[in-house]
Amino acid sequence: MLSLRDLADVIAKKLQKNLFVGAQLYGRRDGGLHPCRVLKLVENGVDKMQYEVAWIGKNKKTTKNAILLGEDLEWKKTPFSRSILKSFIRESTCRSIPWVLHEKLAQKHGISTDPPKELASRFFFQDGQLVNRVKKRKNENRNNVGEVNEESGKSKRKKGEKGKSDAVTNSREENNLPKEEPVKYPIDDLLVQPGPDDPLFTDRPSPSRDFNVPMDCVGDLLMVWDFCSSFSRLLHLWPFSLEDFENAICHKDSNLVLIAETHSAFLRLLIKDDGEYSLTLQKRKRKPKISLITWTEYICDFLEMINTTELCSSMTTIKRGNYGRLDTNAKLGVLLELVSHALETDLIRGKLDEHIEQRQALGATRRGEALEFARKKREEKEKLKGESGADGLVKENSMESTGSNPHITENENPMIENGEMVEDVISSRQSNVFYNRRQLDCPEKTEEKQNVDSKAKSENRTNSTDREAQKQLTGEKREAEDKKSKEKREQRREYFEREMEKRSIRTNPLGKDRDYNRYWWFKRDGRIFVESSDAKQWGYYSTKEEVDALIGSLNCKGERERALRKQLEKFYGKICLELQKRSKDLAHKIALEEAVLRRSTRVRAPPRENPANAFLKYANKWKED
C-alpha cells in the first residue's frame, strides 16, 4: 500500500543488505572505510554471514584478503538507482496501491496472487481483477438510486410509449432473452465480432522468413545486435548492419574482424569495470590489451569464469582456433552471456541512469512549455472576451443615444452648434412642431444643419470602414501569429522526440495483434519484425505496401490492435523513410552483384568486392588505442 517512491526506497534498502561475489564495497579497517571487493561468501554455521573480501589499493590492485561481517561492509554505490527501481515496479505490476503483479510474472516466480490477510477485508479478486469492496458497495447503491429515478421517469411518459415498451419487455421476458446493451469499444480482441459498420479490412500479408540463422536464434540475434547498436559509443564499436552481423555469425572464418571486434569490445568493458573478470585475468597474469590474435584466449577465460555447462563444451574448439566451426546457437550463447555481464557493469548502469535523468528533465521541460502555452492561450481568450463585451456595451449605448436624437448619427457625439447643444425632444408631436417652426423661421440655418448632418454621416461611414479594415488586419495578424506559434510547437515536439530517441533505455515492441503476436521496429534496420506469441516463429515486413496492408488489417474495436495501429501511425513516416532507404541500398547492391557476374572470368573480381560479402571489409573506426 506504499506510494511508488516509498516502495522503491524500501526495495533499495533491502537490496543493500544482499551482498554477492564481485560487489565493490567499503569495508571497515583500522577505524576507517577502505575500498574492497567480495570474493567469497563464508558460512561457518553462525547466524551472521561472513564475507571474504580483497582490499583494493590506489592503483586498483588487490593487496590482501580479510574476513568481514556484513555490518562492516557498506556499498560504494547502490545496486540500483531509485529511477530504475520505479521503472521496474511499473513494468512488473498491473495495479498500484495495492500493488498487484502481472499474473504470468507471479506464476513464473511462484508468488501467490491472493490478497494478504491485512487486505482481505478491503479487496478481493473477481474475474482476474482486484475489486475494492467499499467502492463496489457505493457503485451498487448508486446504481439502485439510478434505477429508482429511471422508473419514476418512465412513469411520466406517454401511455402509448409505455404500452409499447411494456409489450416489448413482456415479449422478451416470455422468450427469456437477455436485455440488449450497446458494446463499448475497445474490448478484448478475441471478443470482437464482425459488425455491419465495420470498414473494409485488407488481408494481412504473410511476413518473410528468409533468415540465415535458425529460426530459434532470430530473437537472440536481434537482442545482441540491438545492444551493440545502442551502446556502440560506450563499447567503442563502430556500428554495423543487421545483415552484416547475421552473415558474420553464419560465416565459418575463425578470424573474422567483425566477430573479433565485437567480442573484444565486450571484454574490454568487463576489464574496465574491475569486476570478477578483471580478477580472473589478474590471477592468470593476462595483459589487459586484447588483439585480433589473442581474443579467443580471453573468451576462454570468460567461459571458465561463468562455468556454464552448455558453453564450456565449446572451449576446446575455440582453443584450437576453430571458432568459426561453432554452431550458431553456441556463438550467440557466448554473446548473450557477454551482454548479460555488461549490463551489470557500473559503466552501463551509469549510462542508463544518466539517460533516465535526462529523459525526466526533458519531460519536465516539455510539460512546463505546455503549461505556459495553455496559460497564454487562456489569457488571450479572456482578453478577447473582455474586448468583445466592451464593444457590445459601446454599441448599445450608441444605438440608444441615436434613437432619442434625430441630429445624432451612429457612433457620433451630440452635435454642438454655436456653443449650445440642440435640445432633446420629449414627445414626437412637440418635436415635429418645433422642428417645422425653426425650419420656416430660419431656412438658411436649416440648410446649413442638413449639410452638417450629411458631412457627419459621410465621416461616420469612413470611420466605420477604417474600423472594419483595422479589425480585418488584426484578425489576419492573429492568424499569422497562431500559425507561427503552431509551427514552433511542432518543431519543439519533434525536437523532444529526437532527444528522447537519443536517450533510449531499451527497445520495446510496437504492440500486439489479436493473436498476441508482437511487432518490433528497429530504427537502425527499418524492417518491422513479427514475433509469434510463443517466441518460436519470426518474420518481417520490408516494403511500404506491406506496412499499409498491415495497418489496414487491424481492427480498432480490439484493445491490442487499436494500440498497435496507433503506434504504427505514429511512426509511419519514419518507418516508410527507413524502408525507402533500405530499398535503394538493396537495389544498388543487386546492381553491383549483377555487374560482378557480367565480368569476364579472366578478370574475375576478388570475393571482397561482392556486396554480399561487405561484412568481410568491416573495420572498427572507434577502436581504442
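Which residues of strand S14 (residues 528–531) lie on one side and which on the other, and are they buried or exposed? Ile528 and Val530 lie on one side, Phe529 and Glu531 lie on the other, and all are buried. The legends below begin with the whole model and then return to this strand.

**View 1. The whole predicted model.** This is a predicted model, in which local features need pLDDT of at least 70, side-chain atom pairs count only at pLDDT 80 or more, and totals for chains, interfaces and linings use all residues. Residues are numbered from 1 along each chain as its sequence is written, and side-chain values use heavy atoms, with hydrogens and water left out. The protein has 21 helices and 15 strands; helices (H or I, at least four residues) and strands (E, at least two) are DSSP runs, numbered from the N terminus. Of the 625 residues, 31% are buried. Buried means under 20% relative accessible area, exposed means over 50%, and partly exposed is in between (1.4 Å probe, protein chains only).

**View 2. Confidence along the chain.** The average pLDDT, the predictor's confidence in each residue from 0 to 100, is 79 for the protein, and 74% of the residues score at least 70. Over residues 156–165 the pLDDT stays under 50, and the model has zero contacts beyond four places in sequence for them. A contact means heavy atoms within 4.5 Å. Residues 400–441 also stay under 50, but for these the model has 39 contacts beyond four places in sequence. Where pLDDT is low, the predicted coordinates should not be read in detail.

**View 3. Strand S14 and its two partners.** Strand S13 (residues 518–521) runs antiparallel to S14 and is joined to it by four bridges. Two strands pair if DSSP finds at least two bridges between them. Trp521 stands opposite Ile528 in S14. Six residues lie between S13 and S14 in this hairpin, and Gly526 in the turn has a positive phi of about 100°. S14 also pairs with strand S15 (residues 538–541), in the antiparallel sense and over four bridges. Here Glu531 stands opposite Trp538 in S15. S14 and S15 form a hairpin with six residues between them, and Ala535 in its turn has a positive phi of about 60°.

**View 4. The open sheet of five strands.** The strands follow the order S4-S3-S2-S1-S5, and the pairing is antiparallel. Strand S4 (62–69) and strand S5 (73–75) are the edge strands, as each pairs on one side only. Within the sheet, strand S2 (residues 32–42) and strand S3 (residues 50–56) pair over six bridges. Lys40 has Glu52 in S3 as its bridge partner.

**View 5. Helix H10 (residues 257–272).** Of the 16 residues of H10, 14 are buried, so the helix is largely enclosed by the rest of the structure. At 1.5 Å a residue, H10 should span 22 Å, and its end C-alpha atoms are 22 Å apart, which agrees. The expected span is 1.5 Å times one less than the number of residues in the helix. Asp274 follows H10 and has a positive phi, near 55°.

**View 6. Arg582 and the residues it touches.** Arg582 is in helix H21 (residues 572–598). What does Arg582 touch, not counting residues up to four places away in sequence? Arg582 touches Glu243, Asp525, Arg527 and Ser542. Arg582 counts as buried because its relative accessible area is 19%.
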